[in-house]
Amino acid sequence: MRSGLIFLLLFWSCVAWAQERPAYLDPTLPIEVRVEDLLGRMTLEEKVAQMLSMRQTKRLIVDEQNRFDPSRAPEWFKLGIGRIERPSEYFQTAREAAAFTNAIQRWVRENTRLGIPVIFHEEALHGLRAAEATSYPQAIALASTWDPALVERVYGRIAREVRARGVHQVLAPVVDVGREPRWGRIEETFGEDPYLVAEMGKAAVWGLQGRRVPPVGPGHVIATLKHMTGHGQPESGINVAPVFFGERHLREVFLYPFREAVEKAHALSVMASYNEIDGIPSHANVWMLRDVLRGEWGFHGVIVSDWHGIPQLITRHHVAENLEEAARLALQATVDVELPDYEAYATLVDQVRRGLIPELAIDAAVRRLLWAKFAVGLFDGEPYVDEAEASRVNASEEDRALALEAAREAIILLKNDGLLPLEAGRLDRVAVIGPHAGEVLLGGYSGRPRYTVSILEGLRERLRGEAEVLYAEGVRITEDSVFTDEPQPHIGGTRARQRNAAHRVVFTPPEANQPRIEEAVALARTSDVVVLVVGGNEQTAREAYAPYHLGDRLSLRLPGQQEALVKAVAETGVPVVLVVIGGRPYVLTELVDRVGAIVWGWYLGQETGRAVAEVLLGDYNPAGRLPITIPRHEGQLPAYYSHKPSKALDYVDGTSRPLFPFGYGLSYTRFAYRSVRLESDRVGGCGVVRVLVELENVGERAGDEVVQVYVRDRVSSVARPVKELKGFRRVHLAAGERRVVAFELGPEAFAFYGLEMERVVEAGWFDVLVGGNSEELMSVPLEITEDCNLGR
């Protein structure tokens, strides 16, 4: 194959020479031929420049107004640069950001020897992290929709906004399996289950990149899977702490979503994780990145470092003595580019000259980096964008409507004693109370949307002319004075954005909150109903990246004096709807029986208030489902539904059952599972099982049910989980409607890594379990009559 590529290269080079045009500039040639032609023209210095990135060092190439100024750039910038991080962060408008990327691309194209364009990166976890971009629900809230088609649409719109600014790659989605709710980044994940995470991850990749790559066409960008791997269950819940899992567990749980997104969605980039696995930091993990990702899975895309991840081989993990050694370790693991700034990889030219690194290793990395630039179309046509179009595309009316739709679908009804939906005609005074009632919390990695709607604003808008909506803060969780000189308004999202940037977390003292609680209780006593909005904020759940910027928590109870607020308001006897906004599961064990309804929202994006108001007033029937278990107590951790059978005992001082199980959620209507059957209850090991579920809406209004299919292996050579999710579908039924929902379970649904560490389906009896959550399930038996080996 290699000799064939060389022949093609020679042939097309001759053709290009005859035409006096470099082959790499000919769009009619295969990408591989163009890459080899360009690589053969590059000096060592130009190659290494493609492995470098700029973020803070962007300051070297801008003036006082943050405009690109090449006269300030160092001499080496004339070699080009591989990537530039977060070009939008300097600017308040999409148009300004587009002008910035255009200026750099134009200069690089016209003033560097080979004119190799720049790839620009942005963060886009749940919307572009920039001014004027649409803010969708946080990742864990998108997972709560259990609607991959919606998720694909959301990330498709995100890609459109990103590409309009001249950006070609995003550092998203996160496909870590999140099994440690004390961890401050749990909100960035799609939950605790590898199958659910994989389905949402593939949908996100398809939305970002499109369904057919290459090329990554107009309106699409390169997706980057984060963070490979084990990042979602760090020891003690501390960010970047080690993980201790055997290879089988790694493959079946934490590597599974990455494999699915690489092999089936064709993700073009992967980011290594900060943590170590069995003593090997991921940025130096040859087995994981080179042997498994590239070797077994056939991944030919770009591996990027996490920010400063390569130098952390020295400073955090102590497996390298200096930047040169750190660079060698990362390059050996096939990490192609160092983010966000050039540090360790700036030593590569010198190390090649000294014979410490073979130039072939540089060539291999640069080959992949150039391929990505060709795949995204940077060499073809004008690599510039329409700056006016960037302004029109970002935060359009279509995006606003989709953000509202996603927020609606994400909301989970966890409890309802008949209090909801509220009837506007029977309300005179509605008390909206709580630290999150009058502000919009967007969560981590958020941009600055053009507008937001708080829950207070949403309810006032919805009840205008029908009921008086009054407000009390109730308690304050954290103080913002450590970041701003003057107290800031906390209605409309201003405090949320400033709080997210503050390094030091200052919890509001109890004595300062007592008057707020008393004010809230007085308001509650004069109201017909209380909407009590509680949870966490972007300081109490966030990425902990330094001793001065922490984000993980010891406790899962509501931070501050919120429990005292809930109890005090509930004691008034006025009906209470508890609305939970935040980034992690919270232990509500002492509060569940004190309130009439619980609505769980996570972070719902810019349309938070409108979506919550529609659900509370019954304009929308909620159907979100939990993508992660909510425990009764922190002592249960780790608490996930797919545990092994040996974890079957209760505690001496309490039950081991969760407060709310994985997959759980209620509706304003009721659904009945009339029957579950298999088309055939016997199948060969490599066969396909067809599951037929008869579902009926037996309530009085239309609604959605999330039908969930689990599998249990009764006897196996390796201990297996008590159940594993293998299929789901969000189904809309009118009142009284009955429908048969069909699922097909292939051999992958029954396979596991056996004694020889190969994926096998073992003959024997299985249970296929179907229902509306992971605990309330109907079971039918299935016999698999022969083994099936699926290989590595």
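Two residues are in contact when heavy atoms of each lie within 4.5 Å. In this predicted model, and leaving aside neighbours within four places in sequence, Tyr345 is in contact with Val48, Met51, Leu52, Ile310, Ala327, Ala330, Leu331, Val335, Asp336, Val337 and Glu338.

Tyr345 also belongs to the largest nonpolar core, a set of 139 residues in which Tyr345 and Ile362 touch the most other members. Helix α7, residues 194–209, supplies the largest share of this core, with nine residues. A second core of 79 residues is separate and includes Val432, Leu470, Leu565 and Val615. As a general background, nonpolar side chains tend to be buried together in soluble globular proteins.

## Strand β26 and its partners

Strand β26 spans residues 764–771 and is mostly covered, with six of its eight residues buried. Strand β21, residues 703–713, runs antiparallel to β26 and is joined to β26 by six bridges. Within this pairing, Val711 has Val768 of β26 as its bridge partner.

Strand β26 is also joined to strand β27, residues 777–784, by eight bridges, and these two strands are likewise antiparallel. Opposite Met778 in β27 stands Val770. Together, β26 and β27 form a hairpin, with five residues between them.

## Helix α10 and its ends

Helix α10 covers residues 286–296, and its buried residues are Val286, Met288, Leu289, Val292, Leu293 and Arg294. At the start of this helix, Asn285 places a side-chain oxygen within 3.3 Å of the backbone nitrogen of Trp287. Just after the helix, Gly298 adopts a positive phi of about 70 degrees.

## The setting of Thr508

Thr508 lies in the loop between strand β14, residues 506–507, and helix α19, residues 510–525. Is this residue buried or exposed? Thr508 has a relative accessible area of 3%, and the limit for a buried residue is under 20%; Thr508 is therefore buried.

The side chain of Thr508 reaches the backbone oxygen of Arg476 at 3.2 Å. Not counting residues up to four places away in sequence, Thr508 touches Arg476, Ile477, Thr478, Glu479, Asn513, Arg516 and Gln561.

Terms used:
Residues are numbered from 1 along each chain as its sequence is written. This is a predicted model: local features need pLDDT of at least 70, side-chain atom pairs count only at pLDDT 80 or more; totals for chains, interfaces and linings use all residues. Side-chain values use heavy atoms; hydrogens and water are left out. Buried means under 20% relative accessible area, exposed over 50%, partly exposed in between (1.4 Å probe, protein chains only). Helices (H or I, at least four residues) and strands (E, at least two) are DSSP runs, numbered from the N terminus. Two strands pair if DSSP finds at least two bridges between them. A nonpolar core is a set of buried Ala, Val, Leu, Ile, Met, Phe, Trp, Tyr and Cys residues joined through side-chain atoms within 4.5 Å. A polar contact is a pair of N or O atoms within 3.5 Å; within protein, one must be able to donate a hydrogen and the other to accept it, and residues adjacent in sequence count only if both atoms are side-chain atoms.
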